[in-house]
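Open the model in your viewer and keep the selection panel at hand. Each stop gives a selection and what is found there.

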Amino acid sequence: AFQKMVMQELPFQCFSTKTKHPTDYGSYLIACLFYKFLTSRNVSQLKYNAKIEKSSAEIIKKFVDELK
């Protein structure tokens, strides 16, 4: 899922090629994935957006919620 999200054309980057680590967006994506698969709940219900813009968080939440 992480690689699938990284490969999309997005207004933000999930992975830093310079540091070889997730960005704040990538960390939020990973946290949302853990939440979804550990709780079986939709992440769109989450109000917490970490350090990222609400619009970017919504893109990530929608992506995660659409995963099977």
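Begin with serine 56, which sits in helix H3. This is a predicted model.

**Stop 1: serine 56.** Is this residue buried or exposed? Serine 56 has a relative accessible area of 6%, so it counts as buried, the cut-off being under 20%. The side chains of serine 56 and glutamate 53 are joined by a polar contact of 3.0 Å. Which residues does serine 56 touch, once those up to four places away in sequence are set aside? They are Phe12 and Tyr25. Select them next.

**Stop 2: the aromatic pair.** The structure holds 1 aromatic pair. Its members are phenylalanine 12 and tyrosine 25, and the pair is stacked. Check the geometry: 4.6 Å centre to centre, with 20 degrees between the planes. The pair links distant parts of the chain, 13 residues apart. Phenylalanine 12 lies in the loop between helix H1 (2–7) and strand S1 (15–16). Tyrosine 25 belongs to helix H2. Both phenylalanine 12 and tyrosine 25 are buried.

**Stop 3: the nonpolar core.** Keep Tyr25 selected and widen the view. Tyr25 is one of the residues with the most contacts inside the largest nonpolar core, which has 14 residues. Which helix gives the most? H2 does, with 5 residues. In soluble globular proteins, nonpolar side chains tend to be buried together.

How values were computed. Residues numbered from 1 in each chain as written. Predicted model: local features only at pLDDT ≥ 70, side-chain atom pairs only at ≥ 80, totals over all residues. Heavy atoms only, no water. Core = buried A, V, L, I, M, F, W, Y, C linked by side-chain atoms within 4.5 Å. Buried < 20%, exposed > 50% of the residue type's maximum accessible area, 1.4 Å probe, protein only. Helix = DSSP H or I, 4+ residues; strand = E, 2+ residues; numbered from the N terminus. Phe/Tyr/Trp six-rings, centres within 6.5 Å; stacked < 30°, edge-to-face > 60°. Polar contact = N/O pair within 3.5 Å; in protein donor to acceptor, adjacent residues only side chain to side chain. Contact = heavy atoms within 4.5 Å.
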